[in-house]
Amino acid sequence: MKVLTNTAIVMLGLVVTLSSCSNKKQQSQKTGLSYNDPKNGGYLRYQQSHPAPGPGLVPIEGGTFVFGGSADQDVTYEYNNVRRRVTVPSFYMDETEVSNQDWLDYLHWINITFPNDNELYYNALPDTLVWRKPLSYNEPYVDNYLRHPAFQDYPVVGVTWEQAQEYCVWRTDRTNENILRERGNLVTWKDQAKGGAAGASAAGQPFNTDIYLNGQYKGQGVDGKKMIRDLNPNAQAGTGKNAARRPVRLEDGILKQGYRLPSEAEWEYAALALAGNTQFENINDGRVYPWDGLGVRSPNRKTRGLILANFKRGSGDNAGVGGGLNDKAIITAPVRTYTPNDFGLYNMAGNVNEWVADTYRQTSFEEVDDLNPFRGNEFSNKRLANPTKGLYAKDKYGRPIKDAATSNKKLKYADMIAQQQAQVAKNANPTANSAAPGATTTAVKDPLAGKAYTPDYRDFNDTVSTALYGNTTLVNNHSKVYKGGSWNDMAYWLNPATRRFADQESASAEIGFRCAMTMVGAPEINTQGKPHLPVKKAKNYKAK
């Protein structure tokens, strides 16, 4: 049973709009002030509704499940997936793995936006040499797999965990930029192309979501003709076409949440798709794979006996016998091959293993929180170039520079300003700015507690010295989890609960990835035919 319908997805497509579109003005329930009235200060209220998923994503309704529960045996004797009941909030996930064409889009953008930055382009290239084997003739894949049109719909491989993270950041900015240009909040693509390379601003830097939301991406050559009217009385400069305009804010509900790698719990929950076997909280049948039953062959009449995923049946058997290939693939297969699971996700078993966001620890299942479990937090703050004005410091690619968080509490304003000014002075030395942007993991002094605060929680609750990681064990803070099984794995690894790890800088011909996105607002997706308690709407206050 497929739990998603076109109607449900269309309902998700409602965007947040100003409540002033109603004939009756809404008023504050606590003060009586009218909303969206420029005469009283322009207090804003937005109609609450569910945002649509970003391009390529499908909604996954969250809930409780047994983390690691689909593994019926521990063949490797790792004892690294002890069963644990957890809750995963609703989120969005890519329908398919990221394909070669998707990655070529990424490389093309880098090439046209930073044509002289050979280092950036080189660092974004997948390692096509992962196909080389000492006693196997795979050179055709080295030369053709990434770029030849015959493989454009195949999953990209040879990508490190770090490269996947960079792709997520890039995809977020390109998606939000396209939304703003299509709406006219930014200069349209047509007008932008007249001024130079697509995507570059008048200042020569590409669009970044954080920089835009902070008001640092605007002005002549950037602002569109259909910007939102600014109701702030301090910004009024006329009426009608001459009225003051402003950039889009997060409160407008127009921009998408950031693309990211899914957590291990999200990935496993989405792969099992037990919602397809659930009625009124009763799960009719558990699963070993992303489909029903204990086997790997289709039980349906028309497709009976066909292999349901791309994997290796046995030693020397990657596809079956010529004239009757069982999974129709020698290596990887196109990303929309085989039947999707009940969430509408393709290839959650087989084809390629997939990176997830978590840092690997054998005991993570026992230690993580039972709500939205995740291991790998490195808390950071955006560096301020001008603390008093709140302007972010930017790297050479126009993205905010991030520093390790100094406290787990909100600082007093005076402390925050003093701390940021000290950071600005520290980075005044040009040699200090040459470091690569990104959060550091060193302990810093917490100005509130007066003691060292460590923003890196990847090794949280470890009972041995972290200095031993990498020396007495292969596990360290750069060890990242991958899941799902690949074209070159046996059926055991198709079980969503199985987990392995690799260094975040390593790449493989068997590992790819897909992106996820946080869902904001109400978690329920499929509301049709379900009972609901009545929700009374608030009445407008009337002054007497």
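Me: Why is Trp487 called buried?
Reply: In this predicted model, Trp487 has a relative accessible area of 8%. Buried means under 20%, so Trp487 counts as buried.

Me: And what makes Trp131 count as buried?
Reply: Run the check again: Trp131 comes out at 3% relative accessibility. That is under the 20% cut-off, so Trp131 is buried.

Me: How many aromatic pairs does the structure hold?
Reply: There are 29. Trp131 and Trp487 form one of them.

Me: How do you know that the rings of Trp131 and Trp487 pair, and why is the pair called stacked?
Reply: Their centres lie 5.8 Å apart, and rings pair if the centres lie within 6.5 Å. The planes are at 25°, and stacked needs under 30 degrees. Both tests pass, so it's a stacked pair.

Me: What makes you say the pair ties together parts apart in sequence?
Reply: Look at where the two residues lie. Trp131 is in the loop between α3 and α4, while Trp487 is in the loop between β17 and β18, so the pair links parts that are 356 residues apart in sequence.

Me: Okay, why is the pair of Phe379 and Tyr457 called edge-to-face?
Reply: Here the planes are 65° apart, and over 60 counts as edge-to-face. The centres are 5.5 Å from each other, within the 6.5 Å limit, so the rings pair in the first place. Phe379 lies in the loop between α9 and β11, and Tyr457 in the loop between β16 and β17, so this pair bridges 78 residues of sequence.

Me: Why are Phe379 and Tyr457 called partly exposed?
Reply: Phe379 has a relative accessible area of 38%, and Tyr457 has 27%.

Me: Which elements give two or more residues to the lining of the largest cavity?
Reply: That cavity holds about 50 Å³ of space, and its lining includes Glu264, Ala265, Asp358, Thr359, Ser364 and Phe365. The elements giving two or more residues are α8, β10 and α9.

Me: How do you know that the charged end of Arg500 is over the ring of Trp493?
Reply: It sits 3.9 Å from the ring centre, and the limit is within 6 Å.

Terms used: Residues are numbered from 1 along each chain as its sequence is written. This is a predicted model: local features need pLDDT of at least 70, side-chain atom pairs count only at pLDDT 80 or more; totals for chains, interfaces and linings use all residues. Side-chain values use heavy atoms; hydrogens and water are left out. Rings of Phe, Tyr and Trp (its six-membered ring) pair if their centres lie within 6.5 Å; planes under 30 degrees apart count as stacked, over 60 as edge-to-face and the rest as tilted. Helices (H or I, at least four residues) and strands (E, at least two) are DSSP runs, numbered from the N terminus. Buried means under 20% relative accessible area, exposed over 50%, partly exposed in between (1.4 Å probe, protein chains only). A charge sits over a ring if NZ of Lys or CZ of Arg is within 6 Å of the ring centre and within 35 degrees of the ring normal. On a 1 Å grid over the protein atoms alone, a cavity is a set of points where a 1.4 Å probe fits but cannot get out, and a pocket is an open set with protein on both sides within 12 Å along at least five of seven lines; lining residues have an atom within 4 Å of a point. Grid points are joined across faces, edges and corners, and a volume is the space filled by probe spheres set on the points.
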